[in-house]
Amino acid sequence: MNQPTDGEQLTEGTLLSHLLELRDRLLRAVVAVASALNILLQRNPLYSALSLIVTLASLSALYVTLQAQFLAAIQIVVYAGAIMVLFVFVIMLLNEPKDQPQIEKQKWLRYLAIPFAGLLIAEMFYVIRSIK
């Protein structure tokens, strides 16, 4: 939020833009605080890790509003990208499966995998051929 200089008057248009910018910052801050509280209140560690990703993304959005784009990009790439992938991997690795047998309700879905894989490969070749 840019402060008016000595020679600049605070007009109705600049006041409105300052208020809108303040509203956006407050909204991003509320999202950050709410998702941070959600980290603490979740019982499932995977949902807690997802809430941490939302917290890091909203902090990154706050950095962008403060004109710190590099810091915002580093926040996303390093924390929300690399470290959160590691967190989710460890959580999934440590989750022990229950001793209950899994009932496969939709067995017919496995037969759709081969045609969809072929369609995906055909689309990939089409895109590569159109690039050349």
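Contact here means heavy atoms within 4.5 Å. The legends below describe a predicted model.

**Figure 1. Helix α2 and its cover.** Helix α2 covers residues 45–65. Its buried residues are Ser48, Ala49, Ser51, Thr55, Leu56, Ser58, Ser60, Leu62 and Thr65. The cover over these buried residues includes α1 (12–41) and α3. An α-helix has 3.6 residues a turn, so residues three or four places apart point the same way.

**Figure 2. The whole chain, for orientation.** The protein chain has four helices and zero strands. From the N terminus on, its elements run α-α-α-α. Buried residues account for 13% of the 132 residues. Take the contacts between residues at least 6 apart in sequence: 43% of them join residues at least 24 apart. The accessible surface is about 11200 Å², and carbon and sulfur atoms hold 68% of that area. Mean pLDDT for the chain is 85, with 86% of residues at 70 or more. Confidence is highest in α1, at a mean of 91, and lowest in α3, at 87.

**Figure 3. The start of α2, at Asn44 and Leu46.** A side-chain oxygen of Asn44 comes to within 3.2 Å of the backbone nitrogen of Leu46. This pair sits at the start of α2. Leu46 itself belongs to helix α2. Is Leu46 buried, exposed or partly exposed? Its relative accessibility is 23%, so Leu46 counts as partly exposed. Which residues does Leu46 contact, leaving aside neighbours within four places in sequence? They are Val88, Ile91 and Met92. Val90 lies 44 residues from Leu46 along the chain, and their C-alpha atoms are separated by 9.9 Å.

**Figure 4. The largest nonpolar core.** Five residues form this core: Ala49, Leu56, Ala80, Met84 and Ile91. Helices α2 and α3 (69–94) each supply at least two of its residues. The largest share, three residues, comes from α3. In soluble globular proteins, nonpolar side chains tend to be buried together. Beyond residues up to four places away in sequence, Ala49 touches Met84, Val88 and Ile91.

Figure 5. Ser58 sits in helix α2. At 8% relative accessibility, Ser58 counts as buried, because the cut-off for buried is under 20%. Which residues does Ser58 touch, not counting those up to four places away in sequence? The set is Arg28, Val31, Ala32 and Ser35. Two of these, Ala32 and Ser35, are themselves buried in α1.

**Figure 6. Ser48 and its contacts.** Ser48 is another residue of helix α2. Its relative accessibility is 15%, so Ser48 counts as buried. Neighbours within four places in sequence are left aside here. Beyond them, Ser48 is in contact with Ile39 and Gln42.

**Figure 7. Helix α1 from end to end.** Helix α1 has 30 residues. Its first and last C-alpha atoms are 43 Å apart, close to the 44 Å expected at 1.5 Å a residue. Buried in α1 are His18, Ala32 and Ser35. Helix α2 is among what covers them.

**Figure 8. Gln67, after the end of α2.** Gln67 follows α2. It lies in the loop between α2 and α3. Is Gln67 buried or exposed? At 60% relative accessibility, Gln67 counts as exposed, because the cut-off for exposed is over 50%.

Definitions and conventions:
Residues numbered from 1 in each chain as written. Predicted model: local features only at pLDDT ≥ 70, side-chain atom pairs only at ≥ 80, totals over all residues. Heavy atoms only, no water. Buried < 20%, exposed > 50% of the residue type's maximum accessible area, 1.4 Å probe, protein only. Core = buried A, V, L, I, M, F, W, Y, C linked by side-chain atoms within 4.5 Å. Polar contact = N/O pair within 3.5 Å; in protein donor to acceptor, adjacent residues only side chain to side chain. Areas by Shrake-Rupley, 256 points an atom, 1.4 Å probe, with all protein chains shown as cover. pLDDT = per-residue confidence, 0-100. Expected span 1.5 Å × (residues − 1).
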